[in-house]
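Subject: Structure handover

Dear colleague,

Please find below the structure I promised to pass on to you, together with its sequence. My notes on what was found in it follow directly after.

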Amino acid sequence: MRKVIDKVEQLMELGGTKKEIILLVISGVALLISIFNWNPFPFDAAWIAIILCGIPILMEAIIGLITAFDIKADVLVSLALIASVCIGEHFAAGEVAFIMQLGALLEDLTVARARAGIEKLVHLTPQTARVISGGTERILPAEQVKIGDRLRVLPGETVPVDGIILSGETSINQAVMTGESLPVDKTVGDDVSSGTVNQFGAFEMEATKVGEDSSIQRMIKLVQSADAGKAKIVGLADRWATWIVVIALTAAALTWMVTGEIIRAVTILVVFCPCALVLATPTAIMAAIGNATKHGFLVRQGDALERLAKVSKITFDKTGTLTYGTPTVTAVESISGVDRDELYTLTAAAEQLSEHPLGKAIVRCYGRKPDTAEDFRMIPGEGVSAVINGRKVAAGNLKLITKHTGAEPSQSMQTNAENYLNQGCTVIYVAIDQQPAGFIALSDTIRPDGKKMVQALNQIGVQPVLLTGDHQNAAEAIAGALEIREVHADCLPEDKLRQIDAYQNSGNRVCMIGDGINDAPALKKADVGIAMGGVGSDIAVDAADIALVDDEIKELPHLVALSRRMMKTIKLNLTFSMTLNFLAITLAITGLLGPVIGALVHNAGSVLVIINSALLLTWRRK
């Protein structure tokens with residue numbers, strides 16, 4: 001026996017699942033030896049299973065009772081073990097301990113598989129960085145990089161921190177952050193995220209976010225906060241488990257008193273352990289979190305999915321959520337005989353030194369290197385002016401054009417521009433050589449899968465609502481294109497809060513999806529907040545319950561349907577486990593079920609519950 005105990009101590013030094021598997025293998029062999037009465041030991045081989053698998057259960061029960069008077073499943077299992085040993089049912093005791101530990105192992109494997117998709121981020125955390133200082137390169141631990149440091153990243157290396165490329169061109173594998181299977185081309189001025197992999201060319205970058213502020217660390221924080229134990233329904237299952245312990249003890253005592261057969265009382269303790277009941281909820285939640293992760297969602301806490309299952313309205317911010325949040329040139333209109341290409345070329349050249357987002361958008365969309373600009377002037381609140389190849393160019397609002405030309409643009413030009421404004425576009429008017437020459441219309445680009453996503457939400461009974469700070473024209477144009485029927489425009493942060501509160505007071509459960517700092521209050525107020533993890537601000541992500549890592553909103557209907565499927569699975573697990581428990585109790589009271597078969601029936605229920613939950617890992621909305 002001393003050798004067995006020494007072996008236990010050696011095994012305890014192993015960690016995690018490996019230790020559990022070894023304990024189970026040894027215990028399983030011991031039980032087989034016991035049941036076939038081939039016993040090379042001076043004691044029943046079932047004792048090996050009792051010690052290896054039973055002692056951890058006894059320790060958990062004792063610690064829980066002493067430290068917090070926490071009456072849970074371990075208490076009832078411990079009583080069943082002790083009672084079985086006392087009446088000489090060593091095999092039944094060993095079997096109970098073995099199958100309980102097998103159920104725990106299956107749960108651990110389910111949870112491990114569920115978290116595998118997101119915990120890989122932890123292992124991909126960069127360890128070192130090449131810092132360039134004074135013309136020399138030093139390799140330092142990544143955590144020592146400071147904002148503003150100049151770094152060099154070679155082909156095949158992981159980007160150590162978030163930053164902006166200063167020199168060089170390359171392709172970056174962003175799969176770990178966005179799920180994109182193809183590398184993304186990057187050049188000077190482009191952002192790069194920590195944890196992504198440099199595929200081809202070497203480049204130098206400036207660190208902009210380091211340490212816990214970097215992209216990879218933000219994602220790790222979300223992983224660490226994913227906790228199925230926070231769900232309200234888990235607390236319900238725990239409360240049931242406590243009452244079941246009391247009921248089981250009472251039933252066992254009464255059965256012993258009435259029948260005088262202690263073996264029936266022991267069987268009741270064996271089959272009434274609420275293991276399947278306790279496993280029913282956390283395994284389903286963690287499997288659903290794992291499924292959500294594979295579709296680009298990081299769930300910060302289990303009860304977010306529980307709340308999402310009851311949502312009847314989903315409110316969307318517009319910019320950066322339903323759209324990409326970057327203006328794009330949609331039309332170039334010219335008058336007075338000026339060629340459109342010439343108008344576009346001259347305007348891009350004039351805007352190349354502008355700091356205004358619309359000016360930068362025109363240059364970006366132009367796609368070529370603009371001509372040299374001379375005598376550049378930035379006119380706050382109006383636009384820019386410059387001399388391009390000897391021609392005077394002004395680009396901005398109507399006020400600038402009137403001042404530059406001495407007259408307002410023609411009525412036909414203004415009417416044409418008005419049509420684009422009504423479609424939600426922004427218009428930049430252009431004058432060349434002090435004559436109105438035309439205008440350039442820019443608009444935000446709708447995400448390509450937005451319309452299908454809205455249709456899918458309507459199909460599953462969830463109403464999409466546009467809740468945006470943009471002007472009415474822009475909001476209605478986007479809503480019309482996406483077939484969103486309810487629109488609230490010109491919303492300040494307090495307006496969004498007020499609207500969500502109104503929905504909730506009328507009996508609706510609301511989910512809010514946004515990306516900006518101004519969305520943070522609404523994300524907190526809503527029953528469920530989902531932040532765009534890629535383009536969203538840190539504050540928005542922190543305020544949300546769920547982060548959409550790759551910003552692919554097309555998967556949103558799947559997440560809602562998954563949350564509903566998860567709740568169905570939990571209810572099925574709870575119903576099955578309770579039914580099985582009471583059926584086994586009835587058979588045990590009548591003497592039709594002995595401790596050994598009772599343990600098999602009861603723990604088979606736990607295994608079936610775990611398997612049913614694990615099906616959520618691969619579930620997909622039809």
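A residue is called buried here when its relative accessible area is under 20%, exposed when that area is over 50%, and partly exposed in between. Asp433, at 36% relative accessibility, therefore counts as partly exposed. Please keep in mind throughout that this is a predicted model.

Overall picture

The protein has 622 residues, of which 50% count as buried, and its secondary structure consists of 23 helices and 22 strands. When contacts between residues at least 6 apart in sequence are considered, 65% of them join residues that are at least 24 apart.

Salt bridges

In general, side chains of opposite charge can pair when their charged atoms come close. The structure holds 18 salt bridges, and I describe some of them here.

Asp433, already mentioned, forms a salt bridge with Arg391, with 3.3 Å between the closest N and O atoms. This pair links distant parts of the chain, since Asp433 sits in the loop between strand S16 (426–432) and strand S17 (435–446), whereas Arg391 belongs to strand S15 (residues 391–396), 42 residues apart. Arg391 is likewise partly exposed, because its relative accessibility is 27%.

Arg150 and Glu204 form another salt bridge, in which the closest N and O atoms are 2.5 Å apart. Here, too, distant parts of the chain are linked, with Arg150 in strand S3 (residues 150–153) and Glu204 in strand S9 (residues 203–209), 54 residues apart. The two partners fall into separate classes of accessibility: Arg150 is partly exposed, with a relative accessible area of 34%, while Glu204 is buried, with a relative accessible area of 14%.

In a further salt bridge, the side chains of Lys496 and Asp317 meet at 3.3 Å, N to O. Lys496 lies in helix H19 (residues 493–505) and Asp317 in the loop between strand S11 (313–316) and helix H12 (318–322), so this pair ties together parts that are 179 residues apart in sequence. Both Lys496 and Asp317 are buried.

Cysteines

How many disulfides does the structure hold? The count is zero. Among the cysteines, Cys86 counts as exposed, at 64% relative accessibility, whereas Cys491 is buried, with a relative accessible area of 11%.

Helix H13

Helix H13 (residues 340–351) has 12 residues and reaches 16 Å from its first C-alpha to its last, which is close to the 16 Å expected at 1.5 Å a residue. Nine of the 12 residues of H13 are buried, so the helix is largely enclosed by the rest of the structure. The buried residues of H13 include Leu343, Tyr344, Leu346 and Glu351. At the start of H13, a side-chain oxygen of Asp339 comes to within 2.9 Å of the backbone nitrogen of Asp341.

Ser385 is found in strand S14 (residues 383–388), and it is buried, with a relative accessible area of 10%. Setting aside residues up to four places away in sequence, Ser385 touches Asp375, Phe376, Arg377, Ile379, Val393 and Ala394.

Ala431 lies in strand S16, and at a relative accessible area of 0% it is buried. Its contacts, leaving aside neighbours within four places in sequence, are with Lys392, Val393, Ala394, Ile401, His404, Thr405, Pro436 and Ala437. For one of these, His404, the C-alpha atom is separated from that of Ala431 by 7.5 Å, although the two residues are 27 residues apart along the chain.

Which backbone angles deserve a note? Asn389, in the loop between S14 and S15, has a phi near 50°, a positive value in a residue other than glycine. Asn389 is exposed, with a relative accessible area of 59%. Asp433 also has a positive phi, of about 55°, although it is not a glycine; this is the residue in the loop between S16 and S17 that forms the salt bridge with Arg391.

With best regards

Notes: Residues are numbered from 1 along each chain as its sequence is written. This is a predicted model: local features need pLDDT of at least 70, side-chain atom pairs count only at pLDDT 80 or more; totals for chains, interfaces and linings use all residues. Side-chain values use heavy atoms; hydrogens and water are left out. Helices (H or I, at least four residues) and strands (E, at least two) are DSSP runs, numbered from the N terminus. Buried means under 20% relative accessible area, exposed over 50%, partly exposed in between (1.4 Å probe, protein chains only). Contact means heavy atoms within 4.5 Å. A salt bridge is a side-chain nitrogen of Lys or Arg within 4 Å of a carboxyl oxygen of Asp or Glu. A disulfide is a pair of cysteine sulfur atoms within 2.5 Å. The expected span of a helix is 1.5 Å times one less than its number of residues. A polar contact is a pair of N or O atoms within 3.5 Å; within protein, one must be able to donate a hydrogen and the other to accept it, and residues adjacent in sequence count only if both atoms are side-chain atoms.
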